[in-house]
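Here is a friendly walk through a structure, taken one question at a time.

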Amino acid sequence: MTTTTGPAPSPRALARQRRRASVARFWRQYRAERAGLYGLAVLVLCALLALFAPLFVGSDVSSVTDAPGRPMQSPSAEFPLGTDQFGRDLLGLVIWGSRVSLLVGLLAAVLSVAIGTLIGVTAGHFKGWYATVMMRVTDWFLVMPTLVLAIALATVMSRSLTTTVIAIGVTTWPTTARLVRAQTLAVETRPYIERAKALGGGHWHIMSRHVLPNVMPLVLAQTTLIISSAILAEATLAFLGLGDPTVVSWGGLLQDAREAGAVSAGDWWYLVPPGIAIAVVALAFTLCGRAVESVLNPRLGVSR
């Protein structure tokens, strides 16, 4: 009696199966982190509001000439969060501002992590004088106040969203570089790295095929943690008047409220909504980052 078996799956099919199994395992472990689930739910809600903001509030919500209300109206049935100094609906402005704040936070975090990962992996792999120079530059950025450097860059460059992203991204990478370099040094001591070198693997092959995949979990966790800091930094720069004045953001709303004298006048509805939005989104990203960190490296026990 003979049995027939189907053809063996191809290497690509096996790789896809392993990736699907890895993603499913990650999601099962992530669901066990209740705080991470709460943070993820908040982020999904904020992302949906940002994506569909034109449907909810319309693209003319920031128009000063077509403001629907009177200046500085307190919350009412018509305007649940009141109006600003021009009579614009603050609820619509907060929803519309989420688009800019989230976008700048994401782009700045990606830029920061990309720079930190590049420097960390190369410094951990090449060592020698290159690693010494890169780590001294990293130390210099670490001891310098990040906000001061970001303000300096935003001051000398034109006021735009691109400037804000660059100012935040190029001043917040040192922590990532330090963490990635430490992980790279640990990976480089493993036996399969020695075998790859003995078989003729070059620097690019070692870093891209062996080191980088092993540090990506750390990079992913670090990205989610940096996004919250980037959003806070964007709000700070906008509050200081260094953001793009032509767009609506949460930090820009706080700056407008300060200029309108909302603090001294007691117009709390002009200050509280954008401030709460910044705090809630930053906390949600932090919760997600801690949950991801706990899943990818259970020994940390960050959520226990």
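Q: What kind of model is this, and from which residue does the numbering of each chain start?
A: This is a predicted model. Along each chain, as its sequence is written, residues are numbered from 1.

Q: In which loop does M72 lie, and what is its phi?
A: Most residues other than glycine have a negative phi. M72 sits in the loop between α3 (53–56) and α4 (90–126). Although M72 is not a glycine, its phi is positive, at about 55°.

Q: Is W173 buried or exposed?
A: W173 belongs to the loop between α7 (161–169) and α8 (174–188). Beyond residues up to four places away in sequence, W173 touches S112, I115, G116, I119, V137, T138 and F141. Buried means under 20% relative accessible area. W173 has 5% relative accessibility, so W173 counts as buried.

Q: How far apart in space are W173 and V113, C-alpha to C-alpha?
A: Along the sequence, W173 and V113 are 60 residues apart. In space, their C-alpha to C-alpha distance is 6.0 Å.

Q: How are helices α9 and α10 oriented to each other?
A: Two packed helices are described by the angle between their axes and the distance between the axes. For α9 (residues 191–198) and α10 (residues 203–239), the axes come within 11 Å and cross at roughly 170°. Angles over 145 degrees count as roughly antiparallel. That is why α9 is described, relative to α10, as roughly antiparallel.

Q: Which residues meet where α9 contacts α10, and how do they divide by type?
A: From α9 come Y192, I193, A196 and K197, which meet I206, H210 and N214 in α10. By type, the residues of this contact of α9 with α10 are 4 nonpolar, 2 polar and 1 charged.

Q: Which residues does L179 touch, not counting those up to four places away in sequence?
A: L179 is part of helix α8 and is partly exposed, at 37% relative accessibility. Its C-alpha atom is 8.8 Å from that of V219, 40 residues away along the chain. Leaving out residues up to four places away in sequence, L179 touches L218 and Q222.

Q: Why is the pair of W27 and Y30 called stacked?
A: The structure holds 7 aromatic pairs. In the pair of W27 and Y30, the ring centres are 5.9 Å apart and the planes are at 15°. Planes under 30 degrees apart count as stacked, so the pair of W27 and Y30 is stacked.

Q: How far does R99 lie from the ring centre of W96?
A: Another charged end, that of R258, sits over the ring of F239, 5.4 Å from its centre. R99 lies over the face of W96, and the distance to the ring centre is 4.9 Å.

Conventions:
This is a predicted model: local features need pLDDT of at least 70, side-chain atom pairs count only at pLDDT 80 or more; totals for chains, interfaces and linings use all residues. Side-chain values use heavy atoms; hydrogens and water are left out. Helices (H or I, at least four residues) and strands (E, at least two) are DSSP runs, numbered from the N terminus. Buried means under 20% relative accessible area, exposed over 50%, partly exposed in between (1.4 Å probe, protein chains only). Contact means heavy atoms within 4.5 Å. Axes are lines fitted to C-alpha atoms, for helices over the stretch in contact, and angles run from 0 to 180 degrees between N-to-C directions. Angles under 35 degrees count as roughly parallel, over 145 as roughly antiparallel, 65 to 115 as roughly perpendicular and the rest as oblique. Ala, Val, Leu, Ile, Met, Phe, Trp, Tyr, Cys and Pro count as nonpolar, Asp, Glu, Lys and Arg as charged, and the others, Gly among them, as polar. Rings of Phe, Tyr and Trp (its six-membered ring) pair if their centres lie within 6.5 Å; planes under 30 degrees apart count as stacked, over 60 as edge-to-face and the rest as tilted. A charge sits over a ring if NZ of Lys or CZ of Arg is within 6 Å of the ring centre and within 35 degrees of the ring normal.
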